[in-house]
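Me: I would like to learn how to read this model feature by feature. Could you take me through it, starting with the strands?

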Amino acid sequence: MDRERMIDMDSRLQPVRRKAFVVLGAALVGCGPWLGYWTVLPLLAAVAIFGVADARTASVARPEYAMFAAWAASEIIIAASIALTGGPKHATLGWFAIPIVTLSARFSTRGIVLGVVTALALLVAVVFATDASGVVQNPPLVIGPAALIISVAMLSTALMHSDVEHRSEAVIDQLTGMLNRHALAGRTSELAQQSEVSGQPIGVIVADVDHFKEINDSYGHKVGDAVLTDVAYLMRKQLRAFDLAYRLGGEEFLVLLPGADIHQAAKMAEQLRLRIAAKTVGGGQHVTISFGVSASTHGARFDYATVFAGADRALYEAKREGRNRVRLATPSPHPVQPDTPSASSTPREKWNLQAREALGAHATQQLAADQPKLA
């Protein structure tokens, strides 16, 4: 959840940060006759550093390291520029507080504290290295900017914590702690854009707890909720740091696997299946899960609707063939009419029967021949 929040907030900050860089650039050009026009060059370096960090945040396991490195580099660039333009006597000393505003949007309390300490250390180093005697005679030169840094950190952190609390209620499923459908839309759009640049595939796993209605009917909804909570926990523990798990609703889950082709996604689905089947969940229940797997291809833009439809058709096949298994999406060259749903069919079964129209008899036969049960 922390990683997803970090990536989400960074994507929201990017357009604002670009505008801030434009404002700072205009200010430096305006101050050129007094400070020198060379001061624009450090700003351009900061722009380049953040560009590299933005390109890597969604593809690495620990994006906070790339983000903090870029953030620290911006403070170092400010420190170097202040030192070269005369030290604490210039109004630009307050610029140390500008990157502080973004700390709470990206990092936990530990990261915020580390950032503030870094900024204060650079501030003290610059003012004493450039004009130690002046600071000793006039301490407000360093006390003022230091108070500004600390105050900005405190206020922005309080505002951000309030925002995160309210936004979390909108994008996190309160029962399982997984992300929900509201969070899914923005993430799939971002992955589509990234796939155009990187050419890497995106794997999609759709999972459905087998016979979940029977658990609710036999033991009650309290036990059913406990089963879903435990299953969600086991799934998250098995996934990689940069994989994302969502609860679509009811007993159905979805996993996005950046960089995974269909075979790698199938391997992950099988690991999830075995893990959950081996554990007792919900206070003593043994459950199994069926999985449908699909993925975009190397070099192609990730089309979530198409890939999800393939995974969902594969999930239906896993259910139809006996449950507790993994099935892979296959092409459907010969579409056929779906079976007529019976009056007793559940809404989920009716929906999947309609989805079979795109699967076709040829694909069904090929699926049975090429995908033996992975149990």
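Reply: β4 and β5 pair in the parallel sense, over three bridges; two strands count as paired if DSSP finds at least two bridges between them. Helices (H or I, at least four residues) and strands (E, at least two) are DSSP runs, numbered from the N terminus. Before we go on, this is a predicted model: local features need pLDDT of at least 70, side-chain atom pairs count only at pLDDT 80 or more, and totals for chains, interfaces and linings use all residues. Residues are numbered from 1 along each chain as its sequence is written, and side-chain values use heavy atoms, with hydrogens and water left out.

Me: Which residue stands opposite V293 in β5?

Reply: L328 of β5 takes that place. V293 also stands opposite I205, in a pairing where seven bridges join β1 to β4 and the two strands run antiparallel.

Me: How should I read the two faces of a strand?

Reply: In a regular strand the side chains alternate between the two faces of the sheet. In β4, I289, F291, V293 and A295 are on one side, while S290, G292 and S294 are on the other.

Me: Are these faces of β4 covered or open?

Reply: Both are covered, and seven of the seven residues of β4 are buried. Buried means under 20% relative accessible area, exposed over 50%, and partly exposed in between (1.4 Å probe, protein chains only).

Me: What should I look for in a nonpolar core?

Reply: In soluble globular proteins, nonpolar side chains tend to be buried together. The term core here means a set of buried Ala, Val, Leu, Ile, Met, Phe, Trp, Tyr and Cys residues joined through side-chain atoms within 4.5 Å. The largest one has 31 residues, and I205 and F253 touch the most other members. The elements giving it two or more residues are β1, α9, α10 (221–238), β3 (252–258), α11 (262–277), β4 (289–295) and β5. Apart from it lies another core of 27 residues, including A79, I112, A119 and L122.

Me: Which residues does I205 touch?

Reply: Leaving out residues up to four places away in sequence, I205 has contacts (heavy atoms within 4.5 Å) with several residues, among them F253, L257, M268, F291 and V293. For the protein chain, residues 24 or more positions apart account for 73% of the contacts with a separation of 6 or more.

Me: Is N324 buried or exposed?

Reply: N324 is buried, at a relative accessible area of 18%. H211 is partly exposed, at 40%.
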